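Take a look, and then we'll go over it in questions and answers.

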Amino acid sequence: MDIKKTDVFGGIGVFVIQMIANGICYAFERNNMYLVIGIIVAVIVSVFVVIIFNLKRKLKMQEESFDEQIEKLGVEDLRKEKDELIKSIECLKERILDVEQERDEIDQEIKRLDQDLELFKNKCEYYINTDSVNRKILYLLKNQKKYDNTELQALIAEIEYIFRDDMFSKTAKINTSVFVKDNQGQCAILVSTKHSPGTIDKLRLGNDSLVGTAFDEKRTIYCSDIENRSRDFPFVDLENDRQYQSILAIPLIVEHSVEFVLVITCTKINCLEATYNKYQDVIQRYLELLCVLLFISSDKEGLK
């Protein structure tokens with residue numbers, strides 16, 4: 001006859017319960033309460049141990065069951081897909097950074113193009129302003145007339161306005177003058193926007209001056225801070241009350257010969273050069289027109 005496990009464990013359980021009951025009865029008969037309490041505590045602890053053991057066994061069975069279900073559901077594949085998605089996200093983040101960098105570069109390029117467009121617009125306006133000078137030259141040629149100093153002064157004032165508009169400074173004072181060589185080979189002022197007639201008549205500069213050096217070396221000379229100029233810089237400080245701090249000398253050269261030198265001074269340091277570099281072609285155009293006016297009715301004999 002087959003005996004089932006449940007029957008065996010059931011018989012053992014009845015036997016254990018009977019033994020515990022007999023022990024308790026014996027303790028009562030002996031009037032030993034400590035023994036009774038000990039037996040009861042032992043029984044309770046044993047019950048808890050059995051319960052915990054059964055719970056752990058059930059939990060383990062459930063975990064194994066869950067793992068089997070997870071495998072059936074393809075969670076491992078989902079985890080792999082998750083890892084691939086994470087890698088894709090990282091790649092996208094890097095791409096986003098690249099795109100943001102490209103966007104910043106495009107923004108900088110747009111700003112540069114805007115600046116170039118603004119510069120081109122300003123140049124166009126300055127070139128348009130030369131139309132009046134062209135018409136004046138045609139009038140002088142047609143009527144065989146000479147220029148007057150007011151016309152020359154108006155022309156170099158246009159050059160001065162270029163620097164004023166570009167510097168955006170209301171406090172800086174600018175003076176623009178045209179120097180030519182007189183009969184003694186000294187540099188004299190032909191026309192100026194700020195110098196008084198007395199200064200124009202008296203001021204003469206030699207070859208050791210900045211203007212004389214521009215004539216001899218046929219090059220543009222610039223000093224951003226006259227007070228702190230180098231010792232070998234060709235500058236003659238004739239005025240004790242000189243106010244200007246920066247100076248720019250631009251020679252107009254025709255067939256390897258300097259016809260005149262345009263000198264611009266400013267009371268502000270570290271200026272003039274940046275404007276000249278931006279508008280050099282426009283300034284050159286104005287100087288060429290100024291030279292045409294001088295050629296139309298040259299009167300070099302009047303310089304003494």
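Q: Which helix holds Glu102?
A: Helices here are DSSP runs of H or I with at least four residues, and strands are E runs of at least two, numbered from the N terminus. Glu102 has its place in a helix that covers residues 75-143, and that helix is α3.

This is a predicted model, so local features need pLDDT of at least 70 and side-chain atom pairs count only at pLDDT 80 or more, while totals for chains, interfaces and linings use all residues. Residues are numbered from 1 along each chain as its sequence is written, and side-chain values use heavy atoms, with hydrogens and water left out.

Q: Is Glu102 buried, partly exposed or exposed?
A: Buried means under 20% relative accessible area, exposed means over 50%, and partly exposed is in between (1.4 Å probe, protein chains only). Glu102 has 38% relative accessibility, so it counts as partly exposed.

Q: Which helix holds Ile40, one of the residues in a nonpolar surface patch?
A: The patch covers about 620 Å² and includes Ile44, Val47 and Phe48 along with Ile40. Ile40 itself is partly exposed, at 40% relative accessibility. Its place is in the helix spanning residues 33-73, which is α2.

Q: How far does helix α4 reach from its first C-alpha to its last?
A: Helix α4 runs over residues 149-167, which gives it 19 residues. The expected span is 1.5 Å times one less than the number of residues. For α4 that expectation is 27 Å, and the helix comes close to it, reaching 27 Å.

Q: What residue follows α4, and what is its phi near?
A: Among the buried residues of α4 are Asp166 and Met167. After the helix comes Phe168, with a positive phi near 55°.

Q: Where does Leu272 lie, and what is its phi?
A: Most residues other than glycine have a negative phi. Leu272 isn't a glycine, yet its phi is positive. It's buried, at 1% relative accessibility. Leu272 lies in the loop between β6 (257-266) and α7 (273-278), with a phi of about 80°.

Q: What is the phi of Lys218?
A: Lys218 sits in the loop between α6 (210-217) and β4 (221-223). Its relative accessible area is 38%, so Lys218 is partly exposed. Lys218 is not a glycine, but its phi is positive, at about 55°.

Q: How many residues does helix α8 have?
A: Helix α8 spans residues 280-296 and reaches 24 Å, close to the 24 Å expected. Its buried residues include Val282, Tyr286 and Cys291. The number of residues in α8 is 17.

Methods. Patches are made of residues with over 30% relative accessible area and no salt bridge: like charges are joined within 9 Å, nonpolar side chains (Val, Leu, Ile, Met, Phe, Trp, Tyr) within 5 Å. Accessible areas come from the Shrake-Rupley method with a 1.4 Å probe; for residues, only the protein chains shown count as cover. A salt bridge is a side-chain nitrogen of Lys or Arg within 4 Å of a carboxyl oxygen of Asp or Glu.
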